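Visitor: I would like to learn how to read a protein model feature by feature. Could we go through one together, with the general idea placed ahead of the particular case?

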Amino acid sequence: MTRFLIIGASRGLGEVLHRVVPMAGDHCWLVSRSQPALDLADGVTRTWIQADLIVPGVADAIARAIGAEALDVVIYNAGIWEDTAFSDDYRFESVSDDEDARVLTVNLTAALPVLKRLLPALRRGQRPKVVLIGSVNGLPYVNAPEVAYNASKFGLRGVAHALRAGLRRDRIAVTIVNPGSFGAPRFVDGRLFNATGSGADSCIPPQDLATLV
């Protein structure tokens, strides 16, 4: 049995991850604001931890929900962006300070206390791993103007590199995946299909990302 904790699990890539990555007999804790699909006929035990990463003390609440359990894999998949991001309407000076702070908190700064509080559970795990979901926008020389989003994903790469060095003595593996745009998942009778519609052909199939993870 592998014990997963997936942060940002209710929709998008998070939904794909918790439907595709665990196997029958595994236990998966799902952290999200809205309730994810739980009763799936795949033999995976799913436990929902309702949490909003913007709320102070959320890391302690997540750790309390795990308690004395062990974790083998923690996936930090939280990711939001500015309301006008990835559109011609985006202007750095038009984004409010509160919106900048919200993007940085969810994508980056909340990861630090959450991962810190989960280290005891990871140390109890079997060959424990931390997987951070970054973005191609966090890589050098990306021609993208979204300041808060890009800064958060650049910072998450720094978290990954530092954690990898610091947790090597605990034999906790740390990696970060930096995908480009991926298609919205489409589930039919529990099966995952490629996204359809305008621009879908240029997107990474979400099941490919799940396979990579």
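Guide: Let us begin with a term that we shall need throughout: a residue is called buried when its relative accessible area is under 20%, exposed when that value is over 50%, and partly exposed in between. Please keep in mind that what you see here is a predicted model.

Visitor: Then let me try the term on one residue: is R127 buried or exposed?

Guide: R127 has a relative accessible area of 71%, and therefore counts as exposed. R127 lies in the loop between α4 and β5, and its phi is near 45°, a positive value in a residue other than glycine.

Visitor: Which value does phi take in Y141?

Guide: Phi of Y141 is positive, at about 65°, although Y141 is not a glycine. This residue sits in the loop between β5 and α5, and, with a relative accessible area of 84%, Y141 is exposed.

Visitor: Let us turn to the strands. In what order do the strands of the sheet lie?

Guide: Strands of a sheet pair through backbone hydrogen bonds, either parallel or antiparallel. Here an open sheet of 6 strands runs in the order β3-β2-β1-β4-β5-β6, and its pairing is parallel. The edges are taken by β3 (45–50) and β6 (173–177), each of which has a single partner strand, so one side of each is left without a neighbour in the sheet. From one strand to the next, the twist averages 15°.

Visitor: How many bridges join β1 to β2?

Guide: There are 5 bridges between β1 and strand β2 (residues 27–32), and the two run parallel; in β2, H27 is the bridge partner of R3.

Visitor: Which way do the side chains of β1 point?

Guide: In a regular strand the side chains alternate between the two faces of the sheet. In β1, R3, L5 and I7 point one way, while F4 and I6 point the other way, and all are buried. Strand β1 (residues 3–7) is accordingly described as mostly covered, with 5 of its 5 residues buried.

Visitor: Which residues have the most contacts inside the largest nonpolar core?

Guide: In soluble globular proteins, nonpolar side chains tend to be buried together. The largest nonpolar core in this model has 34 residues, and those with the most contacts inside it are L5, L53, I62, L71 and L132. Helix α4 (residues 111–123) supplies the largest share of this core, 7 residues. If neighbours within four places in sequence are left aside, the residues in contact with L5 include W29, V31, I49, V73 and L118. Apart from this core lies another, of 16 residues, among them L17, V131, I133 and L209.

Visitor: Finally, how many aromatic pairs does the structure hold?

Guide: A pair of aromatic rings is described by the distance of the centres and the angle of the planes. The structure holds 3 aromatic pairs. In one of them, the ring centres of W81 and F86 are 5.7 Å apart and the planes stand at 65°, so this pair is edge-to-face. Another joins W81 and Y149, whose centres lie 6.0 Å apart with the planes at 85°, so this pair is edge-to-face as well. The latter links distant parts of the chain, for W81 is in the loop between β4 (73–76) and α3 (97–109) and Y149 is in helix α5 (residues 147–166), 68 residues apart.

Visitor: Where do these rings fall on the scale of accessibility that we began with?

Guide: W81, at 43% relative accessibility, counts as partly exposed, and F86, at 46%, is also partly exposed. Y149, with a relative accessible area of 7%, is buried. Together, W81, F86 and Y149 form one aromatic cluster.

Terms used
Residues numbered from 1 in each chain as written. Predicted model: local features only at pLDDT ≥ 70, side-chain atom pairs only at ≥ 80, totals over all residues. Heavy atoms only, no water. Phe/Tyr/Trp six-rings, centres within 6.5 Å; stacked < 30°, edge-to-face > 60°. Buried < 20%, exposed > 50% of the residue type's maximum accessible area, 1.4 Å probe, protein only. Helix = DSSP H or I, 4+ residues; strand = E, 2+ residues; numbered from the N terminus. Pairing = 2+ DSSP bridges. Axes fitted to C-alpha atoms, helices over the stretch in contact; angles between N-to-C directions. Core = buried A, V, L, I, M, F, W, Y, C linked by side-chain atoms within 4.5 Å. Contact = heavy atoms within 4.5 Å.
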